[in-house]
Amino acid sequence: MDTPETVKNAVLLWATAIVAGIVETVLAVSEIARESGIDAGVWMNIGVRSVVYVGAFVLVGFFARGRRWARVGLAVLLSVVGLAAMVVPSAMQLADGESLIAAVGGNGDAAVAFFVVRLLHITAVLLATGLMFSSGANAYFRKPQPVTA
């Protein structure tokens, strides 16, 4: 069975979400570097995020090749855990009375840019997740898995 358009579009949206996450990291690190310089903690954060982004790209690659386990991995790791990590802190700040841009983008010089990229990131995750479990994608992932020797 050929890869359906819904799966191809989900792959593009996952790639968009990952790139948006990379851009968010660059914006945040640039802000930190301007304000206080980059210390060991920031380097550690960059290292962890790099591993996460590479792992996400690998999962997306396996998802694109029709691996069921990769679809489950994307759903759990990015659609649930990753999305919660982005949304919950912002929601808590909103509940505490912060403005929308401050809650999502922060208070620095790059707040508006970060806000826009974060909204793109969240939107891409939500759309990719929806496409990943659409009827066309479900049929594609129901197909018999190739047996490897």
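Leaving aside its neighbours within four places in sequence, with which residues is Ser-79 in contact? In this predicted model, the residues that Ser-79 touches, apart from those sequence neighbours, are Trp-14, Leu-74, Val-125, Thr-129 and Met-132. Ser-79 itself is found in helix 3, which spans residues 68-95, and because its relative accessibility is 12%, Ser-79 counts as buried, the cut-off for that class being under 20%.

Asp-109 is placed in the loop that runs between helix 4 (100-105) and helix 5 (111-132), and with a relative accessibility of 71% this residue counts as exposed. When neighbours within four places in sequence are left aside, Asp-109 is in contact with Glu-31 and Arg-34. The C-alpha atom of Asp-109 is separated by 13 Å from that of Glu-24, a residue 85 positions away along the chain.

A search of the whole structure for aromatic pairs finds three. In one of them, the ring centres of Phe-63 and Phe-141 are 5.2 Å apart and the ring planes meet at 20°, so the pair is stacked. Because Phe-63 belongs to helix 2 (residues 40-64) and Phe-141 to helix 6 (residues 135-142), this pair ties together parts that are 78 residues apart in sequence. Both Phe-63 and Phe-141 are buried, the relative accessibility of Phe-141 being 2%. Tyr-140 and Phe-141 also form an aromatic pair, in this case edge-to-face, with 5.2 Å from centre to centre and 80° between the planes. Tyr-140 is likewise buried, with a relative accessible area of 3%, and Phe-63, Tyr-140 and Phe-141 together form one aromatic cluster.

Terms used: Residues numbered from 1 in each chain as written. Predicted model: local features only at pLDDT ≥ 70, side-chain atom pairs only at ≥ 80, totals over all residues. Heavy atoms only, no water. Helix = DSSP H or I, 4+ residues; strand = E, 2+ residues; numbered from the N terminus. Buried < 20%, exposed > 50% of the residue type's maximum accessible area, 1.4 Å probe, protein only. Contact = heavy atoms within 4.5 Å. Phe/Tyr/Trp six-rings, centres within 6.5 Å; stacked < 30°, edge-to-face > 60°.
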